[in-house]
Amino acid sequence: MHLNPYGEYAVLLAASLANDFPSDRPGIIARARELGMTMDFTPADGDHAGVRQIVDDWLAVVDAKDPLERATLLNAQMAAEAAYPRMVDHDGEGWHLHYRDDNQTLPHALRAVISVGTALHLTTRGMGRLGRCAAGDTPGDPCAAVVVDVTRNGRQEYCSVRCANRAAVRRHRARYSG
Ligand SMILES: [Zn+2]
Ligand SMILES: [Zn+2]
């Protein structure tokens, strides 16, 4: 995978897995392909559960409000999986950097890509550019989707137009119901 300077696709992959976790290993592979990973991973028992654990660990970063806490959690995840950068050229991608060892299993490779990508995203776009959908802040609202803010102005609060509309309707009602 090409980690662009903003780490965007790696963070979007993590959010996609968190918001709609695939039911099996092929589903995880398909999602990784959609978001730009081209390589094959050595199959291993427990890949599916292993990736679930990585997503759960990553959600702790999402839910850490304090930048120092956020950075500390992410640094620990990078320390656990990421390696020094290597220049590689595989699957017709052209030369790019990997922040991990060769021949890693799916959970290891995803942890490295997601942690480094999230660190790039937060350090280049801003430490606050990751969180949960604001619709869920209202008691009783079920949305807990992760929002990766890659907008130019950095003001994306909702995971979807549907959630933004629901929140707008609530604000409207609150205003006019006295
Ligand atoms: Zn690659
Ligand atoms: Zn939402």
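**Entry 1: α4 and α5**

How do α4 and α5 lie to each other, oblique or roughly parallel? I started here, keeping in mind that this is a predicted model. I looked up the two helices first. Helix α4 covers residues 67–81 and helix α5 covers residues 106–125. Their axes come within 9 Å and cross at roughly 140°. Angles over 145 degrees would count as roughly antiparallel. The crossing at roughly 140° therefore leaves α4 and α5 oblique to each other. I also noted the hand: α4 passes α5 in a left-handed crossing.

Next I listed the residues that meet. From α4 I have L74, Q77, M78, A80 and E81. From α5 I have H108, R111, A112, S115, V116, T118 and A119. I sorted this contact by class and got six nonpolar, four polar and two charged residues.

**Entry 2: α1 and α5**

I stayed with α5 and turned to α1. Helix α1 runs over residues 8–19. Its axis and that of α5 come within 7 Å, crossing at roughly 120°. The crossing of α1 and α5 is left-handed.

Which residues of α1 meet α5? I found E8, A10, V11, L13 and A14. On the α5 side they meet V113, I114, G117, T118 and H121. The classes here are six nonpolar, three polar and one charged. I marked T118 of α5, which is listed in the contact with α4 and in the contact with α1.

**Entry 3: α3 and α4**

I then went back to α4 and checked its contact with α3. Helix α3 spans residues 47–63. The axes of α3 and α4 come within 8 Å and cross at roughly 155°. That angle makes α3 roughly antiparallel to α4. I recorded a left-handed crossing for α3 and α4.

D57, A60 and V61 are the α3 residues in this contact. They meet R70, L73, L74 and Q77 of α4. I counted by class: four nonpolar, one polar and two charged. L74 and Q77 of α4 meet α3, and they are also listed in the contact with α5.

**Entry 4: the two domains**

How is the protein chain divided? I noted domain 1 at 8–126 and domain 2 at 133–178. Their C-alpha centres lie 27 Å apart. The contact takes nine residues from domain 1 and five residues from domain 2. I asked which element gives the largest share on the domain 1 side. It is α1, with six residues. That side of domain 1 has five nonpolar, two polar and two charged residues.

**Entry 5: the UniProt record**

Last, I looked at the record. An unreviewed UniProt entry lists residues 129–175 as "domain: Zinc finger CGNR". In the model, the end C-alpha atoms of residues 129–175 lie 29 Å apart. I noted that this span is 32% helix and 13% strand.

Terms used:
Residues are numbered from 1 along each chain as its sequence is written. Chains are lettered from A and ligands numbered from 1 in the order in which they are written. This is a predicted model: local features need pLDDT of at least 70, side-chain atom pairs count only at pLDDT 80 or more; totals for chains, interfaces and linings use all residues. Axes are lines fitted to C-alpha atoms, for helices over the stretch in contact, and angles run from 0 to 180 degrees between N-to-C directions. Helices (H or I, at least four residues) and strands (E, at least two) are DSSP runs, numbered from the N terminus. Angles under 35 degrees count as roughly parallel, over 145 as roughly antiparallel, 65 to 115 as roughly perpendicular and the rest as oblique. A crossing is left-handed if the near helix is turned anticlockwise from the far one by less than a right angle, and right-handed if clockwise. Two residues are in contact if their C-beta atoms, placed from the backbone, lie within 7 Å. Ala, Val, Leu, Ile, Met, Phe, Trp, Tyr, Cys and Pro count as nonpolar, Asp, Glu, Lys and Arg as charged, and the others, Gly among them, as polar. UniProt positions are given in the numbering used here, feature names are shortened, and annotations may be inferred rather than shown by experiment. Domain bounds come from an automatic or database domain assignment.
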